[in-house]
Amino acid sequence: MRIGILTGGGDCPGLNAVIRAVVRHSIKNYASEVIGFLEGWRGPIENMVMPLTLQSTGGLIQRGGTILRTSRTNPFKIEKGPERILESMQKNRLDALIAVGGEDTCGVASKMHKQHGLNVVCVPKTIDNDLNATDFTFGFDTAVNIVAEALDRLHTTAESHNRVLVCEVMGRHAGWIACYGGIAGGADYILVPEKPIHLQDVVDSIKKRHARGKDFSIVVVAEGAMLDDKESLKDQEQDAFGHVKLGGIGDQLAKLIEKHTGYETRAIVLGHIQRGGSPTAFDRVLATRFGVLATELVHQKKFGVMVSLRGNEIVDVPVEAGVDSLKTLDMGVYKVAQVFFG
Ligand code: F6P
(Lines give C-alpha, C1' and ligand atoms only; values in the text may rest on other atoms or scores of the structure.)
Protein backbone atom coordinates (compact mmCIF):
# COMPACT_ATOMS: atom_id res chain seq x y z
CA MET A 1 0.00 0.00 0.00
CA ARG A 2 0.93 3.66 -0.21
CA ILE A 3 0.00 5.59 2.90
CA GLY A 4 -0.01 9.32 3.63
CA ILE A 5 0.38 10.80 7.10
CA LEU A 6 -0.14 14.32 8.43
CA THR A 7 0.02 16.06 11.81
CA GLY A 8 -2.44 18.92 12.40
CA GLY A 9 -3.37 21.45 15.12
CA GLY A 10 -1.09 22.44 17.98
CA ASP A 11 2.06 20.33 18.09
CA CYS A 12 2.66 18.08 21.07
CA PRO A 13 5.36 15.74 22.34
CA GLY A 14 4.92 12.24 20.88
CA LEU A 15 3.95 13.20 17.30
CA ASN A 16 7.31 12.06 15.99
CA ALA A 17 6.96 8.76 17.84
CA VAL A 18 3.71 8.12 15.92
CA ILE A 19 5.36 8.95 12.59
CA ARG A 20 8.26 6.62 13.40
CA ALA A 21 5.91 3.79 14.40
CA VAL A 22 3.78 4.13 11.24
CA VAL A 23 6.82 4.21 8.95
CA ARG A 24 8.65 1.32 10.65
CA HIS A 25 5.62 -0.96 10.84
CA SER A 26 4.47 -0.17 7.29
CA ILE A 27 7.85 -0.63 5.61
CA LYS A 28 9.23 -3.53 7.64
CA ASN A 29 6.10 -5.61 8.14
CA TYR A 30 3.84 -4.77 5.19
CA ALA A 31 6.31 -3.69 2.48
CA SER A 32 4.21 -0.52 2.16
CA GLU A 33 5.42 3.01 1.43
CA VAL A 34 4.71 6.11 3.49
CA ILE A 35 4.78 9.76 2.49
CA GLY A 36 4.31 12.72 4.81
CA PHE A 37 2.08 15.68 4.05
CA LEU A 38 3.53 18.88 5.48
CA GLU A 39 1.81 21.37 7.80
CA GLY A 40 -1.44 19.63 8.65
CA TRP A 41 -4.30 19.79 6.16
CA ARG A 42 -2.38 22.49 4.23
CA GLY A 43 -0.12 19.65 3.01
CA PRO A 44 -2.70 17.76 0.94
CA ILE A 45 -4.40 21.00 -0.12
CA GLU A 46 -1.15 22.41 -1.55
CA ASN A 47 0.33 18.99 -2.32
CA MET A 48 3.31 19.62 -0.04
CA VAL A 49 4.89 16.20 0.50
CA MET A 50 7.99 14.54 1.91
CA PRO A 51 9.03 10.91 1.49
CA LEU A 52 9.39 9.06 4.78
CA THR A 53 11.96 6.28 5.02
CA LEU A 54 13.53 4.12 7.70
CA GLN A 55 16.52 6.48 7.54
CA SER A 56 14.61 9.74 7.78
CA THR A 57 12.51 8.53 10.71
CA GLY A 58 15.39 7.11 12.77
CA GLY A 59 16.13 8.65 16.18
CA LEU A 60 12.68 10.21 16.45
CA ILE A 61 11.27 8.53 19.54
CA GLN A 62 12.63 11.17 21.91
CA ARG A 63 12.19 14.21 19.68
CA GLY A 64 9.45 16.76 20.49
CA GLY A 65 7.44 18.69 17.88
CA THR A 66 6.74 17.14 14.49
CA ILE A 67 9.12 16.67 11.57
CA LEU A 68 6.10 17.15 9.28
CA ARG A 69 5.36 20.54 10.87
CA THR A 70 1.76 21.51 11.53
CA SER A 71 -0.92 24.17 11.05
CA ARG A 72 -4.48 24.91 12.02
CA THR A 73 -5.68 24.84 8.38
CA ASN A 74 -9.40 24.11 7.96
CA PRO A 75 -10.00 22.68 4.44
CA PHE A 76 -13.72 23.37 4.74
CA LYS A 77 -12.93 27.11 4.94
CA ILE A 78 -10.82 26.99 1.74
CA GLU A 79 -12.16 27.14 -1.82
CA LYS A 80 -12.32 23.52 -3.09
CA GLY A 81 -10.30 22.41 -0.02
CA PRO A 82 -11.80 18.90 0.23
CA GLU A 83 -11.52 18.31 -3.54
CA ARG A 84 -7.88 19.40 -3.53
CA ILE A 85 -7.16 16.89 -0.74
CA LEU A 86 -8.65 14.09 -2.87
CA GLU A 87 -6.60 15.24 -5.88
CA SER A 88 -3.38 15.08 -3.84
CA MET A 89 -4.27 11.60 -2.65
CA GLN A 90 -4.66 10.53 -6.28
CA LYS A 91 -1.59 12.37 -7.54
CA ASN A 92 0.55 10.60 -4.92
CA ARG A 93 -1.21 7.27 -5.58
CA LEU A 94 -2.19 6.95 -1.92
CA ASP A 95 -4.55 4.26 -0.67
CA ALA A 96 -5.11 5.80 2.74
CA LEU A 97 -4.30 8.68 5.05
CA ILE A 98 -3.39 8.66 8.75
CA ALA A 99 -4.38 11.98 10.35
CA VAL A 100 -2.75 12.69 13.70
CA GLY A 101 -4.50 15.49 15.54
CA GLY A 102 -6.99 16.80 18.05
CA GLU A 103 -10.69 17.60 17.76
CA ASP A 104 -10.23 19.91 14.74
CA THR A 105 -7.94 17.67 12.68
CA CYS A 106 -9.97 14.56 13.50
CA GLY A 107 -13.21 16.52 12.93
CA VAL A 108 -12.03 17.35 9.40
CA ALA A 109 -11.00 13.70 8.89
CA SER A 110 -14.44 12.54 9.97
CA LYS A 111 -16.16 14.92 7.50
CA MET A 112 -13.75 13.96 4.72
CA HIS A 113 -14.53 10.30 5.31
CA LYS A 114 -18.30 10.73 5.49
CA GLN A 115 -18.82 13.36 2.80
CA HIS A 116 -15.94 12.62 0.41
CA GLY A 117 -15.14 8.94 0.99
CA LEU A 118 -11.55 9.58 2.15
CA ASN A 119 -9.88 6.43 3.49
CA VAL A 120 -8.69 7.79 6.80
CA VAL A 121 -7.60 6.54 10.21
CA CYS A 122 -7.12 9.07 13.04
CA VAL A 123 -4.64 9.15 15.88
CA PRO A 124 -5.68 11.38 18.80
CA LYS A 125 -3.12 13.83 20.18
CA THR A 126 -3.33 16.88 22.38
CA ILE A 127 -1.72 18.12 25.55
CA ASP A 128 -5.26 19.20 26.58
CA ASN A 129 -6.56 15.59 26.92
CA ASP A 130 -10.00 16.86 25.87
CA LEU A 131 -10.76 14.29 23.15
CA ASN A 132 -13.64 11.97 23.83
CA ALA A 133 -13.60 8.19 23.46
CA THR A 134 -10.00 7.81 24.63
CA ASP A 135 -8.90 7.72 28.26
CA PHE A 136 -5.78 9.74 27.48
CA THR A 137 -4.16 11.46 24.52
CA PHE A 138 -0.37 11.47 24.23
CA GLY A 139 1.24 14.82 25.01
CA PHE A 140 -0.87 15.25 28.13
CA ASP A 141 1.46 13.34 30.44
CA THR A 142 4.44 15.38 29.23
CA ALA A 143 2.58 18.66 29.79
CA VAL A 144 1.54 17.58 33.29
CA ASN A 145 5.13 16.70 34.15
CA ILE A 146 6.29 20.11 32.94
CA VAL A 147 3.65 21.84 35.10
CA ALA A 148 4.63 19.73 38.12
CA GLU A 149 8.29 20.60 37.69
CA ALA A 150 7.46 24.30 37.28
CA LEU A 151 5.39 24.20 40.49
CA ASP A 152 8.29 22.58 42.37
CA ARG A 153 10.44 25.49 41.28
CA LEU A 154 7.78 28.08 42.08
CA HIS A 155 7.43 26.66 45.60
CA THR A 156 11.00 27.47 46.61
CA THR A 157 10.92 31.04 45.34
CA ALA A 158 7.37 31.70 46.66
CA GLU A 159 8.44 30.47 50.10
CA SER A 160 11.58 32.57 50.14
CA HIS A 161 9.62 35.78 49.41
CA ASN A 162 6.35 35.10 51.27
CA ARG A 163 4.49 35.44 47.99
CA VAL A 164 1.41 34.05 46.36
CA LEU A 165 2.33 32.75 42.90
CA VAL A 166 -0.41 32.20 40.33
CA CYS A 167 0.60 29.81 37.55
CA GLU A 168 -1.53 29.93 34.37
CA VAL A 169 -1.49 26.68 32.39
CA MET A 170 -2.89 25.58 29.03
CA GLY A 171 -5.74 23.16 28.34
CA ARG A 172 -8.23 25.29 26.46
CA HIS A 173 -11.75 24.74 27.84
CA ALA A 174 -10.84 21.68 29.89
CA GLY A 175 -9.10 21.62 33.26
CA TRP A 176 -7.14 18.37 32.84
CA ILE A 177 -3.64 19.91 32.78
CA ALA A 178 -4.44 22.33 35.61
CA CYS A 179 -5.90 19.64 37.83
CA TYR A 180 -3.36 16.86 37.23
CA GLY A 181 -0.41 19.29 37.16
CA GLY A 182 -1.72 21.04 40.27
CA ILE A 183 -2.17 17.85 42.26
CA ALA A 184 1.28 16.59 41.22
CA GLY A 185 2.93 19.92 42.06
CA GLY A 186 1.15 20.38 45.42
CA ALA A 187 -0.93 23.44 44.45
CA ASP A 188 -2.84 25.17 47.25
CA TYR A 189 -5.74 26.08 44.97
CA ILE A 190 -6.65 25.02 41.41
CA LEU A 191 -9.09 26.84 39.13
CA VAL A 192 -10.57 25.03 36.13
CA PRO A 193 -13.00 26.01 33.35
CA GLU A 194 -15.52 23.41 34.51
CA LYS A 195 -16.13 25.37 37.75
CA PRO A 196 -16.81 29.14 37.81
CA ILE A 197 -14.25 31.12 39.79
CA HIS A 198 -15.49 32.11 43.24
CA LEU A 199 -12.94 34.73 44.17
CA GLN A 200 -14.05 34.83 47.81
CA ASP A 201 -13.37 31.12 48.12
CA VAL A 202 -9.87 31.49 46.68
CA VAL A 203 -9.15 34.43 48.98
CA ASP A 204 -10.54 32.66 52.10
CA SER A 205 -8.55 29.57 51.29
CA ILE A 206 -5.26 31.48 50.97
CA LYS A 207 -5.96 33.45 54.16
CA LYS A 208 -6.73 30.23 56.05
CA ARG A 209 -3.45 28.73 54.92
CA HIS A 210 -1.51 31.82 55.93
CA ALA A 211 -3.33 31.85 59.32
CA ARG A 212 -1.94 28.38 60.03
CA GLY A 213 1.58 29.63 59.52
CA LYS A 214 2.20 29.22 55.79
CA ASP A 215 3.39 32.53 54.39
CA PHE A 216 3.21 31.55 50.73
CA SER A 217 0.73 29.90 48.38
CA ILE A 218 0.73 28.37 44.92
CA VAL A 219 -2.39 28.80 42.80
CA VAL A 220 -2.85 27.04 39.45
CA VAL A 221 -5.34 28.49 36.99
CA ALA A 222 -6.35 26.93 33.68
CA GLU A 223 -6.24 29.40 30.78
CA GLY A 224 -9.94 28.68 30.12
CA ALA A 225 -11.10 29.33 33.70
CA MET A 226 -13.34 32.36 33.78
CA LEU A 227 -14.34 35.18 36.04
CA ASP A 228 -17.95 36.21 35.61
CA ASP A 229 -17.39 38.43 32.53
CA LYS A 230 -17.74 35.80 29.77
CA GLU A 231 -18.62 38.71 27.47
CA SER A 232 -14.93 39.68 27.33
CA LEU A 233 -14.19 36.63 25.16
CA LYS A 234 -16.51 37.83 22.41
CA ASP A 235 -14.05 40.25 20.79
CA GLN A 236 -11.03 37.96 21.04
CA GLU A 237 -9.18 36.74 17.96
CA GLN A 238 -10.32 33.36 16.59
CA ASP A 239 -8.53 30.66 14.60
CA ALA A 240 -9.83 28.89 11.44
CA PHE A 241 -11.89 26.54 13.59
CA GLY A 242 -13.53 29.40 15.54
CA HIS A 243 -11.55 28.90 18.76
CA VAL A 244 -10.76 32.07 20.71
CA LYS A 245 -7.14 32.60 21.69
CA LEU A 246 -7.05 32.19 25.45
CA GLY A 247 -4.64 33.67 27.98
CA GLY A 248 -4.48 36.42 30.58
CA ILE A 249 -6.58 34.98 33.40
CA GLY A 250 -3.48 34.40 35.57
CA ASP A 251 -2.62 38.06 35.55
CA GLN A 252 -6.20 39.16 36.29
CA LEU A 253 -6.47 36.69 39.13
CA ALA A 254 -3.11 37.64 40.67
CA LYS A 255 -4.19 41.29 40.85
CA LEU A 256 -7.49 40.35 42.49
CA ILE A 257 -5.82 38.03 45.01
CA GLU A 258 -3.32 40.71 45.99
CA LYS A 259 -6.10 43.28 46.35
CA HIS A 260 -8.26 41.05 48.54
CA THR A 261 -5.59 39.37 50.68
CA GLY A 262 -2.96 42.07 50.92
CA TYR A 263 -0.28 39.42 50.11
CA GLU A 264 2.22 40.16 47.38
CA THR A 265 1.07 38.11 44.36
CA ARG A 266 2.71 37.46 41.00
CA ALA A 267 1.55 35.64 37.87
CA ILE A 268 3.50 33.19 35.72
CA VAL A 269 2.31 31.96 32.32
CA LEU A 270 3.83 28.59 31.36
CA GLY A 271 2.52 28.84 27.78
CA HIS A 272 4.19 26.86 25.01
CA ILE A 273 6.86 25.46 27.34
CA GLN A 274 4.16 22.87 28.13
CA ARG A 275 4.16 21.71 24.50
CA GLY A 276 7.87 21.75 23.78
CA GLY A 277 10.69 19.27 24.30
CA SER A 278 10.91 15.51 24.66
CA PRO A 279 7.90 13.33 25.42
CA THR A 280 7.79 11.40 28.70
CA ALA A 281 8.25 7.62 28.54
CA PHE A 282 4.46 7.22 29.01
CA ASP A 283 3.75 9.42 25.98
CA ARG A 284 6.42 7.68 23.86
CA VAL A 285 4.83 4.30 24.58
CA LEU A 286 1.25 5.53 24.03
CA ALA A 287 2.16 7.30 20.77
CA THR A 288 4.01 4.20 19.56
CA ARG A 289 1.10 1.88 20.39
CA PHE A 290 -1.30 4.28 18.62
CA GLY A 291 0.93 4.40 15.53
CA VAL A 292 1.23 0.63 15.36
CA LEU A 293 -2.54 0.05 15.61
CA ALA A 294 -3.29 2.85 13.10
CA THR A 295 -0.97 1.10 10.62
CA GLU A 296 -2.71 -2.22 11.16
CA LEU A 297 -6.16 -0.66 10.71
CA VAL A 298 -5.07 0.91 7.42
CA HIS A 299 -3.85 -2.47 6.18
CA GLN A 300 -7.14 -4.06 7.27
CA LYS A 301 -8.87 -1.27 5.28
CA LYS A 302 -10.84 -0.27 8.37
CA PHE A 303 -11.43 3.45 7.78
CA GLY A 304 -13.34 6.26 9.50
CA VAL A 305 -11.95 5.14 12.85
CA MET A 306 -9.73 6.60 15.54
CA VAL A 307 -7.33 4.65 17.72
CA SER A 308 -8.03 5.00 21.41
CA LEU A 309 -6.77 4.02 24.86
CA ARG A 310 -9.36 2.15 26.93
CA GLY A 311 -7.96 1.04 30.25
CA ASN A 312 -4.66 -0.42 29.11
CA GLU A 313 -5.96 -1.61 25.74
CA ILE A 314 -5.50 0.18 22.43
CA VAL A 315 -8.73 -0.17 20.47
CA ASP A 316 -10.48 1.59 17.59
CA VAL A 317 -13.65 3.67 17.79
CA PRO A 318 -15.61 5.62 15.14
CA VAL A 319 -13.92 9.02 14.63
CA GLU A 320 -17.17 10.87 15.44
CA ALA A 321 -17.11 9.37 18.93
CA GLY A 322 -13.86 11.23 19.56
CA VAL A 323 -14.91 14.60 18.22
CA ASP A 324 -18.64 15.04 18.74
CA SER A 325 -18.21 16.66 22.14
CA LEU A 326 -15.43 17.86 24.41
CA LYS A 327 -14.13 15.61 27.20
CA THR A 328 -14.08 17.90 30.20
CA LEU A 329 -12.34 17.25 33.50
CA ASP A 330 -13.44 14.31 35.63
CA MET A 331 -14.73 16.22 38.67
CA GLY A 332 -13.92 13.22 40.85
CA VAL A 333 -10.26 14.06 40.32
CA TYR A 334 -10.97 17.72 41.12
CA LYS A 335 -12.50 16.63 44.44
CA VAL A 336 -9.20 14.95 45.28
CA ALA A 337 -7.39 18.23 44.51
CA GLN A 338 -9.81 20.14 46.78
CA VAL A 339 -8.72 18.10 49.80
CA PHE A 340 -5.46 20.08 49.69
CA PHE A 341 -6.89 23.60 49.29
CA GLY A 342 -6.42 26.04 52.18
O1 F6P B 1 -4.68 22.66 22.05
C2 F6P B 1 -3.39 22.79 22.51
C3 F6P B 1 -3.12 24.21 22.97
O4 F6P B 1 -1.80 24.28 23.44
C5 F6P B 1 -4.12 24.76 23.99
O6 F6P B 1 -3.86 24.33 25.29
C7 F6P B 1 -3.91 26.25 23.79
O8 F6P B 1 -5.05 27.00 24.15
C9 F6P B 1 -3.69 26.35 22.30
O10 F6P B 1 -3.24 25.09 21.87
C11 F6P B 1 -2.69 27.40 21.92
O12 F6P B 1 -2.64 27.45 20.55
P13 F6P B 1 -1.49 28.16 19.70
O14 F6P B 1 -0.25 27.37 19.89
O15 F6P B 1 -1.97 28.11 18.31
O16 F6P B 1 -1.35 29.51 20.26
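User: How do the residues of the lining of the largest pocket divide into nonpolar, polar and charged?
Analyst: This is a predicted model, where local features need pLDDT of at least 70, side-chain atom pairs count only at pLDDT 80 or more, and totals for chains, interfaces and linings use all residues. Residues are numbered from 1 along each chain as its sequence is written, and side-chain values use heavy atoms, with hydrogens and water left out. A pocket is an open set of points on a 1 Å grid over the protein atoms alone, with protein on both sides within 12 Å along at least five of seven lines; a cavity is a set where a 1.4 Å probe fits but cannot get out, and lining residues have an atom within 4 Å of a point. With Ala, Val, Leu, Ile, Met, Phe, Trp, Tyr, Cys and Pro as nonpolar, Asp, Glu, Lys and Arg as charged, and the others, Gly among them, as polar, the lining divides into 7 nonpolar, 11 polar and 13 charged.

User: How much space lies in the largest pocket?
Analyst: Grid points are joined across faces, edges and corners, and a volume is the space filled by probe spheres set on the points. For the largest pocket that gives about 560 Å³.

User: Which of its lining residues are the closest to the centre of the largest pocket?
Analyst: The lining holds 31 residues. The closest to the centre are R72, D128, R172, E223 and R275.

User: Where does the largest pocket lie relative to domain 1 and domain 2?
Analyst: Domain bounds come from an automatic or database domain assignment. Domain 1 (2-138 + 279-323) and domain 2 (143-275) both give residues to the lining, so the largest pocket lies between them.

User: Which strand gives the largest share of the lining of the largest cavity?
Analyst: Helices (H or I, at least four residues) and strands (E, at least two) are DSSP runs, numbered from the N terminus. The largest cavity has a volume of about 60 Å³. Its largest share of lining, 3 residues, comes from strand β7 (residues 189-191).

User: In what order do the 4 strands of the open sheet stand?
Analyst: Two strands pair if DSSP finds at least two bridges between them. Here the pairing is parallel, and the order is β7-β8-β6-β9.

User: Why is one side of β7 and of β9 left without a neighbour in the sheet?
Analyst: β7 and β9 (265-269) each have a single partner strand. One side of each is left without a neighbour because both stand at the edges.

User: Which residue in β9 stands opposite L165?
Analyst: Strand β6 (residues 164-169) pairs with β9 in the parallel sense over 5 bridges. Opposite L165 stands R266.
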